[in-house]
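Q: Please walk me through how to read a fold, feature by feature. Keep it brisk.

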Amino acid sequence: MNVDGNSRLLTIAIHEETLAALLAQRYLHAEELHCLTPGARRRLHRVLLRSLIPEQKRKAAATGVPGVHF
């Protein structure tokens, strides 16, 4: 923590599917994430929703397997 009591933040880059998997497996919590722009916040919101979909369905959707609908 720095002098004023706020923790210091890091800027990182991560693939959306990796982030969705970390959230789905509870290795990372949404409360730990902060977005700097409204666009980033919208993308994070979509990733959070995607993390609620079971992994098998996420992978099928990512590869465009026909017959898989959400």
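Q: What pattern does the protein chain follow, read along the sequence?
A: The pattern is α-α-α. The chain has three helices and zero strands. Helices (H or I, at least four residues) and strands (E, at least two) are DSSP runs, numbered from the N terminus. This is a predicted model: local features need pLDDT of at least 70, side-chain atom pairs count only at pLDDT 80 or more, and totals for chains, interfaces and linings use all residues. Residues are numbered from 1 along each chain as its sequence is written, and side-chain values use heavy atoms, with hydrogens and water left out.

Q: How many of the 70 residues, in percent, count as buried?
A: Buried means under 20% relative accessible area, exposed over 50%, and partly exposed in between (1.4 Å probe, protein chains only). Here 13% of the 70 residues count as buried.

Q: Which residues of H1 are buried?
A: Helix H1 covers 16–24. Its buried residues are Leu19, Ala20, Ala21 and Leu23.

Q: Is Ser51 buried or exposed?
A: Ser51 counts as buried, because its relative accessibility is 11%. It is found in helix H2, residues 38–51.

Q: What does the side chain of Ser51 reach?
A: A polar contact is a pair of N or O atoms within 3.5 Å; within protein, one must be able to donate a hydrogen and the other to accept it, and residues adjacent in sequence count only if both atoms are side-chain atoms. The Ser51 side chain reaches the backbone oxygen of Leu48 at 2.6 Å.

Q: How many salt bridges are there?
A: Side chains of opposite charge can pair when their charged atoms come close. The rule for a salt bridge is a side-chain nitrogen of Lys or Arg within 4 Å of a carboxyl oxygen of Asp or Glu. By that rule the count is three.

Q: Which residue forms a salt bridge with Arg43?
A: Glu16 does, with the closest N and O atoms 2.5 Å apart. The pair links distant parts of the chain: Arg43 is in helix H2, Glu16 in helix H1, 27 residues apart. Arg43 counts as partly exposed because its relative accessibility is 47%. Glu16 is partly exposed too, at 29%.

Q: Which salt bridges does Arg50 form?
A: Arg50 meets Glu16 at 2.9 Å, N to O. Glu16 lies in helix H1 and Arg50 in helix H2, so this pair ties together parts 34 residues apart in sequence. Arg50 also meets Glu17, at 3.3 Å, N to O. Glu17 lies in helix H1, so that pair ties together parts 33 residues apart in sequence. Salt bridges that share partners join Glu16, Glu17, Arg43 and Arg50 into one network. Glu17 is partly exposed, with 33% relative accessible area.

Q: Which residues form a nonpolar patch on the surface?
A: Patches are made of residues with over 30% relative accessible area and no salt bridge: like charges are joined within 9 Å, nonpolar side chains (Val, Leu, Ile, Met, Phe, Trp, Tyr) within 5 Å. Accessible areas come from the Shrake-Rupley method with a 1.4 Å probe; for residues, only the protein chains shown count as cover. Leu10, Ile12 and Ile14 form the patch, with about 360 Å² of accessible area together. Ile12 lies in the segment before helix H1. Ile12 counts as exposed because its relative accessibility is 66%.

Q: Which residues lie nearest the centre of the largest pocket?
A: On a 1 Å grid over the protein atoms alone, a pocket is an open set of points where a 1.4 Å probe fits, with protein on both sides within 12 Å along at least five of seven lines; lining residues have an atom within 4 Å of a point. The largest pocket is lined by 19 residues, and Ile12, Ile14, Leu33, His34 and Cys35 lie nearest its centre. H2 gives the most to the lining, with four residues.
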